[in-house]
Amino acid sequence: MVSLPWIGVGLVGFGIFFILFGMLLYFDSVLLAFGNILFLSGLVFIIGFRRTFTFFFQRQKMKGSSFFLGGVLIVLMRWPLLGMLLEAYGFITLLFRCRSFFPVAFGFLGSLVNIPILNKVSGENWVTAAP
């Protein structure tokens, strides 16, 4: 049985791929919109709906969240260059102005060890139990 974080990692990966591919094709609005939808839905699958909602809608993060989510809406309305600029500013604001971004990101990276296929590919001795 496939767990939901594994599906979320796939969705985020495909979302990043479509965003980069859309940027390579001179800001193709359809690819960028599809990548944004996949990225955000993958984020929901990885950390859950409630944690995603509380991550974006905290008082100290409202400026970065509004720019990021507003950029997603602008891309969906077929203004890709302006939308991606707003998303980039919102992402940088969320990354560097909010202190709680790094614990969430490192928590996600720590949960990658628990994914069965990545655990076998990377080696099973990453996390060792104390004797």
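1. A residue is called buried when its relative accessible area is under 20%, exposed when over 50%, and partly exposed in between (1.4 Å probe, protein chains only). By that rule F55 and F56 are both buried. Of the protein's 131 residues, 32% count as buried.

2. This is a predicted model: local features need pLDDT of at least 70, side-chain atom pairs count only at pLDDT 80 or more, and totals for chains, interfaces and linings use all residues. Residues are numbered from 1 along each chain as its sequence is written, and side-chain values use heavy atoms, with hydrogens and water left out.

3. The protein has seven helices and zero strands. Its pattern along the sequence is α-α-α-α-α-α-α. Helices (H or I, at least four residues) and strands (E, at least two) are DSSP runs, numbered from the N terminus.

4. The unreviewed UniProt entry annotates "transmembrane region" at residues 7–27, 33–53 and 88–113. Positions follow the numbering used here, feature names are shortened, and such annotations may be inferred rather than shown by experiment. Residues 7–27 are 86% helix and 0% strand, with end C-alpha atoms 27 Å apart. Residues 33–53 are 95% helix and 0% strand, and there the end C-alpha atoms lie 20 Å apart.

5. Among the buried residues of α5 are P80, G83, M84, E87 and G90.

6. How do α2 and α4 pack? Helix α2 (residues 29–47) meets helix α4 (residues 62–76) at about 140 degrees, with the axes 9 Å apart. That makes α2 oblique to α4. Axes are lines fitted to C-alpha atoms, for helices over the stretch in contact, and angles run from 0 to 180 degrees between N-to-C directions. Under 35 degrees is roughly parallel, over 145 roughly antiparallel, 65 to 115 roughly perpendicular, and the rest oblique.

7. Rings of Phe, Tyr and Trp (its six-membered ring) pair if their centres lie within 6.5 Å; planes under 30 degrees apart are stacked, over 60 edge-to-face, and the rest tilted. The count comes to eight aromatic pairs. The F53 and F57 rings have centres 4.8 Å apart and planes at 45 degrees, so this pair is tilted. The pair F55 and F56 is edge-to-face, at 5.2 Å centre to centre and 75 degrees between planes. F53 is partly exposed at 46% relative accessibility, and F57 is partly exposed at 43%. Ring pairs also link F17, F18, F21 and F34 into a cluster.
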